[in-house]
Structure formats: C-alpha cells, structure tokens
Amino acid sequence: PLTAPGAAHASAVALAGPAANVLFAVLVFTVVMAAGYSVPTAPNRIVLASEFAPSSLPTPPAYPADAAGLETGDRIVSIDGKPTTDFSDVQEIVMLNADRELLLEVERGGTIRRIAVTPALDRETGAGRIGVYSWIDTLVGAVDKGSAAALAGILPGDRIAAVDGAAVEHEAALRARLEPKPERTTFLVERGGGSFEARLVLSWND
C-alpha cells in the first residue's frame with residue numbers, strides 16, 4: 001500500500017525519539033566500559049547470624065547454618081560445585097534454593113570441608129536463607145565532616161579494633177557493641193602499625 005508523504009514524515013519523527021534514546025544508551029555504556037568501573041562486593045567469608053541476635057530475644061534463633069555445622073570465619077568457596085567468589089554469589093544461590101539441600105565447600109583453618117545445608121523458606125519474601133552475614137572488616141571507608149568520628153580524629157583507612165575494651169573483628173560485632181546506643185564510647189583505632197583510643201560522643205536518630 002502507498003503511504004502519504006505527511007504520514008511518512010510523522011512516522012519518522014515518532015521513531016526519532018526512541019532511536020535517539022537507544023543510541024544514547026549505547027554511547028554511555030561504551031564510555032563506561034572504556035573508562036572502567038568498580039563495584040564493591042562483600043567477601044565470601046561468613047558470620048553466623050545467631051551469634052548476633054537482638055538482645056531482646058530470650059534465646060538465639062535456630063538457623064540452618066548452625067544445624068549444618070558452619071562457623072563464624074568460614075569461607076564458602078563453592079556451592080554445588082559452582083565457585084562463589086563473593087557474598088553476592090552465596091546469597092543468590094541460597095535465595096533461589098529454599099528447602100533444597102546444597103553442598104558447600106568451606107575453607108576453614110586452611111583446609112576444605114564439605115558441608116550440606118538446606119536453606120529455610122522465608123515466608124515473607126519467598127526466598128531461601130541459612131542465617132549468615134558476610135564478614136566485613138571494620139576498616140573505615142569514609143568519615144563525614146563534623147561527625148563524632150571526625151571530631152575524635154578517625155580517618156579513612158583506620159581500622160576499629162575494639163569498642164570499650166571488647167575486640168570487634170568484623171562489622172557485625174561492631175554493630176552489636178553499639179546496639180544499646182551509648183551516649184559515649186571509646187574505639188581502639190589501628191593506624192599505620194600503631195593504635196590509639198578515640199573517644200566519641202554519639203547522638204542517635206530514630
């Protein structure tokens with residue numbers, strides 16, 4: 001069939017917008033790939049969630065990770081033969097396999113152990129869970145200007161080694177020590193091979 005010149009022009013104009021959007025997206029993607037980018041990821045080393053349950057609970061909850069014999073500090077290196085290079089790999093596989101037994105290869109103390117675990121179904125989300133956090137080091141990434149940390153002399157690159165005399169090896173332990181929301185606290189801060197005490201005056205929002 002023949003198309004009137006006006007209709008053809010209108011079609012061209014209508015297609016110009018989407019085409020420009022596609023070209024712009026391709027251009028941005030090309031520039032990003034050429035410049036390079038980095039995405040922060042958490043390591044595949046784990047912390048048992050049961051060890052840091054809220055103090056309001058009378059007893060720690062039972063998680064599949066505990067029943068299977070996983071321990072804080074374990075590194076999950078593969079699941080069902082698929083390598084897990086970071087915690088997001090672990091999360092993805094566990095979430096998609098509720099009520100299905102998984103075979104984990106776990107590095108502990110320099111040796112590899114094989115541990116079977118069956119993720120429980122989280123009925124609120126429909127995803128599987130085993131009850132672990134990622135082991136995130138207490139290394140300071142940034143300090144807000146004027147914050148309690150800044151006023152105490154803490155700098156990016158410092159490592160928080162203890163809170164009020166209690167050692168904190170990872171972020172979960174740090175959060176647990178601050179759970180009571182103290183008004184004042186003392187961090188043992190490591191920097192450049194040495195350490196010092198940083199006294200913080202804290203304020204809390206809702």
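Which residues of helix α3 are buried? Keep the question in mind while you select residues 87-95, the span of α3. The model on your screen is predicted.

**Stop 1: helix α3**

Colour F87, V90, I93 and V94; these are the buried residues of the helix. Now look down the helix axis. The four cover an arc of only 130° around the axis, so they lie on the same side of α3. An α-helix has 3.6 residues a turn, so residues three or four places apart point the same way.

Next, show what the buried residues of α3 pack against. Their partners are strands β1 (46-48), β2 (75-79), β3 (82-83), β4 (102-108), β7 (128-129) and β8 (132-134).

**Stop 2: R45 and W135**

Select R45 and W135 and show their side chains. R45 lies over the face of the W135 ring, 3.7 Å from the ring centre. If you also search for pairs of aromatic rings with centres within 6.5 Å, the count is 0.

**Stop 3: D164**

Move to the loop between β9 (159-163) and β10 (166-167), where D164 is located. D164 has a positive phi, near 50°, and is a residue other than glycine. Is D164 buried or partly exposed? Its relative accessible area is 43%, so D164 counts as partly exposed.

**Stop 4**

Go on to the loop between α5 (171-178) and β11, and select K181. K181 is not a glycine, yet its phi is positive, at about 55°. With a relative accessible area of 41%, K181 is partly exposed.

E183 is found in this loop between α5 and β11 too. E183 has a relative accessibility of 64%, which means that it counts as exposed. Which residues does E183 touch, leaving aside those up to four places away in sequence? They are L200, V201 and L202. Then draw a distance between the C-alpha atoms of E183 and W204: the two residues are 21 apart along the chain, and the atoms are separated by 8.4 Å.

**Stop 5**

Finish by selecting residues 184-191 for β11 and 194-201 for β12. The two strands pair in the antiparallel sense, over 8 bridges.

Follow β11 to its end and you reach the turn of the hairpin, with 2 residues between the strands. G192 is in this turn and has a positive phi of about 55°.

Terms used. Residues numbered from 1 in each chain as written. Predicted model: local features only at pLDDT ≥ 70, side-chain atom pairs only at ≥ 80, totals over all residues. Heavy atoms only, no water. Pairing = 2+ DSSP bridges. Phe/Tyr/Trp six-rings, centres within 6.5 Å; stacked < 30°, edge-to-face > 60°. Lys NZ or Arg CZ within 6 Å of the ring centre and 35° of its normal. Buried < 20%, exposed > 50% of the residue type's maximum accessible area, 1.4 Å probe, protein only. Arc of directions from axis to C-beta. Contact = heavy atoms within 4.5 Å.
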